[in-house]
Amino acid sequence: WLLILQGLDSRSPDPGQDQPSLDSGSLVALAGIDTPADQIWRVRLLAGVEYRSFAAEGVAARTEPVVEARVVWSPSRMLTLTATATRSVEDPQTLGIYGYVFSNARFTADYEWRRNVLLQGRLGFAAAEFLPGGGTQTVASVGAGITWLINRTVHLSLNYDFADQHAPLNGDG
């Protein structure tokens, strides 16, 4: 079993006269399991809650459920399948946006085609809900890659990723 308690204090440079502060503070509590890495199945599942308060006047504190999940299956020495999912509250980055709730899911398949040639395929989805009530943004992605291990210290990689991003204006779909 695993228990994580974390306090965060986020400080930003002074935004200037007549601009609200981006400063915030968080308390995070997560509990769950984390299995050893030497098994065919490796699992890390954590769930909990994050409380975030903001220094800016008129911006209400938020309490949000948070999750961290990772499942790795290695059915053979050549193939590894990994699924990850997270949900967290992220720090503010821009004036007027007081952080965002970020949800992310990703699936990756790694295959050792030859001793020195690795193949990878990946799918992903991410969503950001901007605080307070600032709309949402979503991204769906797909990608593939090949890596040639030339020697122990040099490798050559070729990757392709495609992402489809949506950020509706004024709450429109």
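Tutor: This model contains an open sheet of nine strands in the order E1-E2-E3-E4-E5-E6-E7-E8-E9, with antiparallel pairing. Strands are DSSP runs of at least two residues, and helices are H or I runs of at least four, numbered from the N terminus. Two strands pair if DSSP finds at least two bridges between them.

Student: Which strands are at the edges of the sheet?

Tutor: Strand E1 (2-10) and strand E9 (155-166) are the edge strands, each pairing on one side only. On average, neighbouring strands of this sheet are turned by 15 degrees against each other, direction ignored. For such angles, axes are lines fitted to C-alpha atoms, for helices over the stretch in contact, and angles run from 0 to 180 degrees between N-to-C directions.

Student: What kind of model is this, and how are residues numbered?

Tutor: The model is predicted: local features need pLDDT of at least 70, side-chain atom pairs count only at pLDDT 80 or more, and totals for chains, interfaces and linings use all residues. Residues are numbered from 1 along each chain as its sequence is written, and side-chain values use heavy atoms, with hydrogens and water left out.

Student: How many helices and strands does the protein chain have?

Tutor: The protein chain has zero helices and nine strands.

Student: How do I read the pairing of two strands?

Tutor: Look at the bridges and their direction. Strand E5 (residues 79-90) and strand E6 (residues 100-114) run antiparallel and are joined by 12 bridges. Within this pairing, Val89 stands opposite Val101 in E6, and Leu81 has Ala109 in E6 as its bridge partner. E6 also pairs with E7 in the antiparallel sense, over 14 bridges, and there Val101 has Glu129 in E7 as its bridge partner. A hairpin of two residues links E6 to E7.

Student: What does Arg122 touch?

Tutor: Contact means heavy atoms within 4.5 Å. Leaving aside neighbours within four places in sequence, Arg122 is in contact with several residues, including Phe107, Val142, Ala144 and Tyr160. The side chain of Arg122 also reaches the backbone oxygen of Ala144 at 3.3 Å.

Student: How do I read a pair of aromatic rings?

Tutor: Such a pair is described by the distance of the centres and the angle of the planes. Rings of Phe, Tyr and Trp (its six-membered ring) pair if their centres lie within 6.5 Å; planes under 30 degrees apart count as stacked, over 60 as edge-to-face and the rest as tilted. The structure holds one aromatic pair. Trp41 and Trp73 form this pair, which is stacked, at 5.4 Å centre to centre and 15 degrees between the planes. Trp41 lies in strand E3 (residues 41-54) and Trp73 in strand E4 (residues 62-73), so the pair ties together parts that are 32 residues apart in sequence. Trp41 is partly exposed at 46% relative accessibility, and Trp73 is partly exposed at 32%.

Student: Where is Ile33, and what does it touch?

Tutor: Ile33 is in strand E2 (residues 24-34) and is partly exposed, with a relative accessible area of 29%. Not counting residues up to four places away in sequence, Ile33 touches Trp1, Val43, Arg44, Leu45 and Leu46.

Methods:
Polar contact = N/O pair within 3.5 Å; in protein donor to acceptor, adjacent residues only side chain to side chain. Buried < 20%, exposed > 50% of the residue type's maximum accessible area, 1.4 Å probe, protein only.
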